[in-house]
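Please have the sequence and the coordinates open while reading.

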Amino acid sequence: ITMTHERISFQIQNFLEQFFDVLEKIEAIVGGEKPPLQLTKACANSPWYTSCVEQAESTDDIALLYKVDKRALAALRENGVSTVAHARHMNIDALDGNIPHLKRNGLERMKLQAESLKTGEIILRKKPKLPTAPHRIHFDIEGDPLLGVEYLFGFLIEGKNGAPDEYKSFIAEKPEDERKMWRGFLDWLLTLPTDMVVFHYATYEKSRLTMLARRYATDMSEIDQVALATFSTKLFDLNDVVKENFIFPLYFYGLKQIGKFL
């Protein structure tokens with residue numbers, strides 16, 4: 001039964017193995033088995049997040065290192081790399097090829113991440129290259145995942161030649177206003193120049209545009225579709241730039257975490 005009270009059928013046998021695997025792990029934990037530490041983005045929304053971080057920090061656990069696969073963490077621990085201090089001084093040549101789901105460049109980045117966490121300094125791997133365009137726009141979408149609704153499209157349009165920046169927004173005050181918000185956004189796209197770059201952070205904006213285009217496909221004319229397609233080609237993900245060029249002394253590279261640190 002979904003959150004909208006829709007009943008959907010499925011074949012139980014397709015999920016039995018996965019279900020019993022999860023159940024077995026839960027029962028083991030209830031029975032006193034302590035799973036190895038792991039910090040993921042999902043943990044940040046957990047009521048136990050603070051406790052997990054405190055525990056990892058108290059033991060300097062390698063779970064503190066940004067985005068390392070849990071299978072790689074297990075293999076690293078088996079190879080004597082169980083703390084951030086160990087990772088900072090690990091022998092990459094000796095470990096290369098012995099850690100599943102972690103190639104050499106991943107090991108190198110992990111070592112730099114450990115260095116950054118210990119020193120508190122940002123490490124510049126290489127100078128980033130950003131696209132240039134006469135018109136520069138910054139784009140953010142906010143939504144409610146529980147309702148499955150987007151409620152804000154926000155744009156900061158950089159002023160040119162000393163002119164002030166302009167802020168443009170489209171808002172759905174109520175869930176049923178999402179369609180109206182989407183329509184307003186599409187109409188605005190038709191007024192934009194083509195020589196622009198649209199900065200955003202991570203994949204949310206791109207995925208929501210695709211989802212809303214499917215949801216309201218019957219409302220979109222060919223002109224709307226062309227305008228949206230053109231706009232989508234102008235999107236530039238700054239998260240990719242951050243991950244490729246910088247090492248931050250942070251456990252997560254979310255925009256809020258990086259912004260707060262800076």
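At what angle do the axes of α7 and α8 cross, and within what distance do they come? The two axes cross at roughly 110° and come within 11 Å. This is a predicted model, in which local features need pLDDT of at least 70 and side-chain atom pairs count only at pLDDT 80 or more, while totals for chains, interfaces and linings use all residues. Residues are numbered from 1 along each chain as its sequence is written, and side-chain values use heavy atoms, with hydrogens and water left out.

**Helix packing**

- Helices (H or I, at least four residues) and strands (E, at least two) are DSSP runs, numbered from the N terminus.
- Axes are lines fitted to C-alpha atoms, for helices over the stretch in contact, and angles run from 0 to 180 degrees between N-to-C directions.
- α7 and α8 are therefore roughly perpendicular to each other (angles under 35 degrees count as roughly parallel, over 145 as roughly antiparallel, 65 to 115 as roughly perpendicular and the rest as oblique).
- E178, W182 and F185 of α7 make the contact with L209, L212, A213 and R215 of α8 (contact means heavy atoms within 4.5 Å).
- The contact of α7 with α8 has five nonpolar, no polar and two charged residues (Ala, Val, Leu, Ile, Met, Phe, Trp, Tyr, Cys and Pro count as nonpolar, Asp, Glu, Lys and Arg as charged, and the others, Gly among them, as polar).
- Helix α7 (residues 178-189) also packs with helix α9 (residues 222-233), at an angle of about 75° and with the axes 9 Å apart.
- That angle makes α7 roughly perpendicular to α9.
- On the α7 side the residues are W182, R183, F185, L186 and L189, which meet D224, A227, L228 and F231 in α9.
- Seven nonpolar, no polar and two charged residues form the contact of α7 with α9.

**Helix α1**

- Helix α1 (residues 16-30) has 15 residues and reaches 21 Å from its first C-alpha to its last, close to the expected 21 Å (1.5 Å times one less than the number of residues).
- G32, which follows α1, has a positive phi near 115°.

**Pockets**

- On a 1 Å grid over the protein atoms alone, a cavity is a set of points where a 1.4 Å probe fits but cannot get out, and a pocket is an open set with protein on both sides within 12 Å along at least five of seven lines; lining residues have an atom within 4 Å of a point.
- Grid points are joined across faces, edges and corners, and a volume is the space filled by probe spheres set on the points.
- The largest pocket holds about 1,200 Å³ of space.
- Of the 34 residues lining the largest pocket, K41, Y201, A202, G254 and L255 lie nearest its centre.
- β2 gives the most to this lining, with six residues.
- The lining of the largest pocket comprises 17 nonpolar, 10 polar and seven charged residues.
- The second largest pocket holds about 770 Å³.
- It is lined by 22 residues, and I29, P35, P36, L37 and Q38 are the closest to its centre.
- α1 supplies the largest share of the lining of the second largest pocket, four residues.

**Cavity**

- One cavity of 30 Å³ or more is found in a search of the whole structure.
- Q38, L39, I62, A63, L65, K67, V68 and L73 line the largest cavity.
- By class, that lining has six nonpolar, one polar and one charged residues.
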